[in-house]
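Q: I would like to learn how to read a strand and its surroundings in a model. Please take it step by step.

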Amino acid sequence: MKDFQLVIDHDALTNAHSRHYGTQQLKQALQTYQETNQNITLVMFDIDYFKKVNDTMGHDFGDKVLTDTVKIISQNIRQHDSLIRWGGDEFILLLPSLSQKALPSYLHLLNACIQEHAFVSTDKQSMTISISIGATQFLPDDASIDTLIKRADKALYKAKEIRNTYHIDEESFH
């Protein structure tokens, strides 16, 4: 049973937490927020021009970009943060107890650690990759995790207008 739970809770390719795990964690975070007002920052990011990476370098290299991205991000987040593969090249980070003041430098670090890494294919071709990031928090009238995810997605798309940057949802960080 324990092995089965590990399979359910982790993404097979990247070993990040699974969407199933992330959904459960978000629901628990919403409940905690509603009971205690203790907020959690939700960060959504994806790999810029990932389709182009797959189309030009192949899907094996695309898989390597995904797995390397998870390794790099995992090495640059706090131990109690959760990295979740939400789908395709889209990921979510759950950041409990991160101050609003610390958030911009935290997000900048995540951008920088990916941008500075040389992603190398099996035939020794190298490519730089960047990520775009959106961040939000729960609001008092959030009835479900869907509204939080939609705000994070909207912030992500604001960042994607520029690429290799982050956008923090002003509504939840006031």
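Q: Which residues of E1 are buried on one side, and which on the other?
A: In a regular strand the side chains alternate between the two faces of the sheet. In this predicted model, Ile40, Leu42, Met44 and Asp46 are buried on one side of E1 and Thr41, Val43, Phe45 and Ile47 on the other. Buried means under 20% relative accessible area, exposed over 50%, partly exposed in between (1.4 Å probe, protein chains only). Helices (H or I, at least four residues) and strands (E, at least two) are DSSP runs, numbered from the N terminus.

Q: Why is E1 largely enclosed by the rest of the structure?
A: Eight of the eight residues of E1 (residues 40-47) are buried, so the strand is largely enclosed.

Q: Which bridges join E1 to strand E6?
A: Two strands pair if DSSP finds at least two bridges between them. E1 and E6 (residues 131-137) run antiparallel and share seven bridges; Met44 has Gly134 as its bridge partner in E6. E1 also pairs with E3 (residues 90-96) in the antiparallel sense, over seven bridges, and there Ile40 stands opposite Pro96.

Q: Which residues have the most contacts inside the largest nonpolar core?
A: A nonpolar core is a set of buried Ala, Val, Leu, Ile, Met, Phe, Trp, Tyr and Cys residues joined through side-chain atoms within 4.5 Å. The largest has 31 residues, and Ile73, Leu83, Leu93 and Leu107 have the most contacts inside it. A second, separate core of 17 residues includes Leu42 and Met44.

Q: How are residues numbered?
A: Numbering starts from 1 along each chain as its sequence is written. Local features need pLDDT of at least 70, side-chain atom pairs count only at pLDDT 80 or more, totals for chains, interfaces and linings use all residues, and side-chain values use heavy atoms, with hydrogens and water left out.
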